[in-house]
Amino acid sequence: MKITDLAIVFILFTIPFFILVEIRSDNLEYISYKQVEINRMLDTAIEDGISALVQDDDINKNRAVDAFFRSLFINFNILDNTSLKNRLSNYIPVIVVVENDGFNILSLQEFSNVIGKKEMKMIWNPKVLYSYSDDKFIYQFFLDDKLNVYEKESMKLYKGTNKTICEEIDVSNSILEDEAIFNSVKKREIIRLLQRDINYEINKQNDIIKNLGIDYYFSLPVITNDDWTNTISDIGMLVFFQGLPIGNQGDRYSNFVLGGSKLLKSKKYYVVTNINTGKKEYHTKDCIILKDVKLDIKMNPEDTIFIVEEFNTKFEAAKTGAFPCELFNK
């Protein structure tokens, strides 16, 4: 065989290989580009969701989710396509709203409607409180420094902070004995509750989507301890986006995105109740009236007629039946 014949055979065998390599390379470039693009879309959507989650100190989960999906659909250019919107939504197994006292999970649920027909819809699960118990106490944690402790033996409930409650009850043989241990257990248990319920809802998604034509196994992704810590550092939203086909080689896009408000770092609201009249007003911490009330409580701990309660939002304060004080908007 002539050398030219060998060269032709070599070329015939190698050209398909190089074509395949080039196709694969182009596909990888496309996948990389799409991943960056979808990351940007999710970041924008979560920011819009967080902005809607907290407005005028009012936490509204439905408003936040509506804003998130609207932003996502606009970025995917499918706002007016109901079919594509429903299909894209199926790649979001859960949305978590993290609040100061607990969290809610929005997940796909299958149920029978009033005429007995099967339906699927994203529905909020009941709020899960940050709770933990040992031999002596049942604890309700909060993202900030608030704490509720129920003493099993006396059946009494104590509200305050770790420090104030330790001054009221015997905390021996409990996590309250050591502040470092308390903080470690608090963080561990809040994260454990989140992992448990998110994992359950994501796994449940696999049974529900069997008839939706989505060939993908949903599972809780590996999330670093730092990311979990960021999740519980503030009120916010956590969204899981999994299994979206990209490219032409069977590749899938999967990610999670976290957005947090700065609500817990903003000003507090204090409800002052006059026990003689029952009148309730809420104040900011710099309010002159509140300072006078606190001075009265300090000077007359046994005879004072005032009760002061702290809240993170104006909305929570107003829910107690309190009205803004006369100096609130001045």
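This is a predicted model: local features need pLDDT of at least 70, side-chain atom pairs count only at pLDDT 80 or more; totals for chains, interfaces and linings use all residues.
Two strands count as paired if DSSP finds at least two bridges between them.

How many of the residues of strand E3 are buried? The count is 5 of the 5, so E3 is largely enclosed by the rest of the structure. In a regular strand, side chains alternate between the two faces of the sheet. Both faces of E3 are covered: Val94, Val96 and Val98 are buried on one side, and Ile95 and Val97 are buried on the other.

In soluble globular proteins, nonpolar side chains tend to be buried together. The largest nonpolar core in this model has 66 residues, and those with the most contacts inside it are Phe68, Leu72, Ile95, Leu176, Ile198, Met237 and Phe241. Helix H5 (residues 179-208) supplies the largest share of this core, with 9 residues.

Two other members of the list can be followed through their neighbours. Leaving aside residues up to four places away in sequence, Leu72 touches Met41, Leu42, Ala45, Leu88, Ile92 and Phe241. Leu176 is found in the loop between H4 and H5. Is Leu176 buried or exposed? Its relative accessibility is 3%, and because buried means under 20%, Leu176 counts as buried. Again leaving aside residues up to four places away in sequence, Leu176 touches Phe137, Tyr139, Leu147, Val149, Asn162, Ile165, Cys166, Val171 and Phe182. One of these, Ile165, is 11 residues apart from Leu176 along the chain, and their C-alpha atoms are separated by 8.8 Å.

The loop that holds Leu176 also holds Asn173, between helix H4 (162-166) and H5. Asn173 is exposed, with a relative accessible area of 67%, whereas Leu176 is buried. Most residues other than glycine have a negative phi. The phi of Asn173, however, is positive, near 60°. Asn77 also has a positive phi near 60°. Asn77 is placed in the loop between helix H2 (61-75) and helix H3 (82-89), and is exposed at 69% relative accessible area.

Rolling a probe the size of a water molecule over the atoms shows where empty space is left. The largest pocket holds about 1100 Å³ of space. It is lined by 31 residues, and the closest to its centre are Lys146, Lys159, Glu309, Glu310 and Phe311. Elements that give two or more residues to this lining are H2, strand E9 (146-151), strand E10 (156-161), helix H7 (288-299), strand E15 (306-311) and helix H8 (314-319). Of these, E15 gives the most, with 5 residues. By type, the lining divides into 9 nonpolar, 10 polar and 12 charged residues.

The second largest pocket holds about 290 Å³ of space. Its lining has 14 residues, and Phe69, Leu106, Leu108, Lys121 and Met122 lie nearest its centre. H2, H3, strand E4 (102-112) and strand E5 (118-124) each give two or more residues to this lining. The lining is made up of 8 nonpolar, 4 polar and 2 charged residues.

Strand E14 (residues 280-284) runs parallel to E16, and 2 bridges join them. At this end of the sheet, Tyr282 stands opposite Pro324 in E16.

Technical notes. Residues are numbered from 1 along each chain as its sequence is written. Side-chain values use heavy atoms; hydrogens and water are left out. A nonpolar core is a set of buried Ala, Val, Leu, Ile, Met, Phe, Trp, Tyr and Cys residues joined through side-chain atoms within 4.5 Å. Buried means under 20% relative accessible area, exposed over 50%, partly exposed in between (1.4 Å probe, protein chains only). Helices (H or I, at least four residues) and strands (E, at least two) are DSSP runs, numbered from the N terminus. Contact means heavy atoms within 4.5 Å. On a 1 Å grid over the protein atoms alone, a cavity is a set of points where a 1.4 Å probe fits but cannot get out, and a pocket is an open set with protein on both sides within 12 Å along at least five of seven lines; lining residues have an atom within 4 Å of a point. Grid points are joined across faces, edges and corners, and a volume is the space filled by probe spheres set on the points. Ala, Val, Leu, Ile, Met, Phe, Trp, Tyr, Cys and Pro count as nonpolar, Asp, Glu, Lys and Arg as charged, and the others, Gly among them, as polar.
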